[in-house]
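Here is a short briefing to read alongside the coordinates.

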Amino acid sequence: MLKKITIFLFILFFLISQFSLAQELDGDQVLEKVEASRQANSHQMKMEMELYSSSGDMRSRELNNYRLEGEVERSLMQFTEPADISGTAFLLLDDQSNNQEDMYLYLPALGSVRKISGSQKNGDFVGSDLTYNDLSIFSGANFRDNYQAEITSETEETIELHLEITDPDIDYSYGKMWVRKDLWLAEKIDYYDQQEELLKIITLSSFDEIDGNRLARRIEVENVQRGSRTILKLLEVDFDPDLDPNIFTTRYLQRQ
């Protein structure tokens, strides 16, 4: 009997400790935990993108995503299918030492690289419901680079955050994020426009853990104001591949 009571008290103490730990976190520390769910210094992904119009029409595309961490965080997205978009690429270079973020878009039909800057970063990426700023996050960038978080509510399963925009190039007025405590991954993000009306709902699901890296295999982005949505599906992933830094250059894009 005494042994059972001891075990019960140990379990109770453990649960209380875990709850107290979550209670002591502030919003930015929650974002740190979300970022820590991805430990790899590089990745290579194959993804499918489905674009749904407000009338329900669907177009499908395939792309590869590469990311390399370092003093300059590098990310490259290249479309491979269908033929009319194959070769189109998006390059992100985020220099952490001087807080400089550069974005480039390569369009094969023009044969040239175009720099994306200022308000252009809020434009739709190749007809999807994702902006260029959204891509900087979904390609693996840190949320804390663009947002300051405050905990607004908490349950046993999730923490709700209010996201204050700290990057002046981001055109949302604010965001809300729901983080799962068991995974320390975001499962939903809402973004509001400058009139503080709900603009976009992002739902993450099909969570997985590969080589110690936790991630969502499915991301749905719904633009509630125009009735369209974009779904990203992870088909293949390789963590910590040996990537050549030279592929993250505008010169490389123009050689494709």
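## Briefing: rings, strands and cores

Tyr172 and Tyr191 are both buried. Please keep in mind that this is a predicted model. The protein chain has 256 residues, and buried ones make up 46% of them. Its secondary structure comes to four helices and 13 strands.

**Aromatic pairs and charges over rings**

- How many aromatic pairs does a search of the whole structure find? The search returns seven.
- The pair of Tyr172 and Tyr191 is stacked, because the ring centres are 4.1 Å apart and the planes meet at 5°, and planes under 30 degrees apart count as stacked.
- One aromatic cluster is formed by Phe79, Phe90, Phe125 and Tyr132.
- Two charged side chains are also worth a look in the viewer. The charged end of Lys188 sits over the ring of Trp178, 4.8 Å from the ring's centre, and Arg229 lies over the face of Tyr52, 4.2 Å from the ring centre.

**Around Thr131**

- Thr131 is found in the loop between strand E6 (112–116) and helix H3 (132–138).
- Is Thr131 buried or exposed? Its relative accessibility is 6%, and the limit for buried is under 20%, so Thr131 counts as buried.
- Setting aside neighbours within four places in sequence, Thr131 is in contact with Lys121, Asn122, Gly123, Phe125, Tyr172 and Lys200. Among these contacts, Tyr172 is a member of the stacked pair, and Phe125 belongs to the aromatic cluster.

**Hairpins and strand pairing**

- Strand E7 (residues 147–154) and E8 are antiparallel and pair over seven bridges. They form a hairpin with three residues between them, and Glu154 has Ile159 in E8 as its bridge partner.
- E8 also pairs with E9, again in the antiparallel sense and over seven bridges. Here Thr158 stands opposite Arg180 in E9.
- E8 is mostly covered, with six of its eight residues buried.
- E10 and strand E11 (residues 198–210) run antiparallel and are joined by five bridges. Tyr192 has Leu198 in E11 as its bridge partner.
- The hairpin of E10 and E11 has five residues between the strands, and Glu196 in the turn has a positive phi of about 65°.
- E11 goes on to pair with strand E12 (residues 213–223), antiparallel and through ten bridges. In this pairing, Ile210 stands opposite Asn213 in E12.
- The hairpin of E11 and E12 has two residues between the strands, and Asp211 in the turn has a positive phi of about 50°.

**Cores and surface**

- As background, nonpolar side chains in soluble globular proteins tend to be buried together.
- The largest nonpolar core has 49 residues, and those with the most contacts inside it are Met49, Phe90, Phe125, Tyr147, Leu161, Met177 and Ile189.
- A second, separate core has 13 residues, including Tyr66, Leu93, Leu243 and Phe248.
- Which residues does Ile189 touch, not counting those up to four places away in sequence? They are Phe143, Leu163, Lys176, Met177, Lys200, Ile201 and Ile202.
- Of the contacts in the protein chain between residues at least 6 apart in sequence, 44% join residues at least 24 apart.
- The protein chain exposes about 13,400 Å², and carbon and sulfur atoms supply 47% of that area.

**Backbone details to check**

- The peptide bond from Glu81 to Pro82 is cis, with omega near -5°. Pro82 lies in the loop between strand E3 (72–81) and strand E4 (89–95).
- Ser206 has a positive phi of about 55° although it is not a glycine. Ser206 is located in strand E11 and is partly exposed, with a relative accessible area of 43%.
- Asp240 is another residue other than glycine with a positive phi, near 60°. Asp240 lies in the loop between strand E13 (228–239) and helix H4 (250–255), and is partly exposed, at a relative accessible area of 47%.

Notes
Residues numbered from 1 in each chain as written. Predicted model: local features only at pLDDT ≥ 70, side-chain atom pairs only at ≥ 80, totals over all residues. Heavy atoms only, no water. Phe/Tyr/Trp six-rings, centres within 6.5 Å; stacked < 30°, edge-to-face > 60°. Buried < 20%, exposed > 50% of the residue type's maximum accessible area, 1.4 Å probe, protein only. Lys NZ or Arg CZ within 6 Å of the ring centre and 35° of its normal. Contact = heavy atoms within 4.5 Å. Pairing = 2+ DSSP bridges. Areas by Shrake-Rupley, 256 points an atom, 1.4 Å probe, with all protein chains shown as cover. Core = buried A, V, L, I, M, F, W, Y, C linked by side-chain atoms within 4.5 Å.
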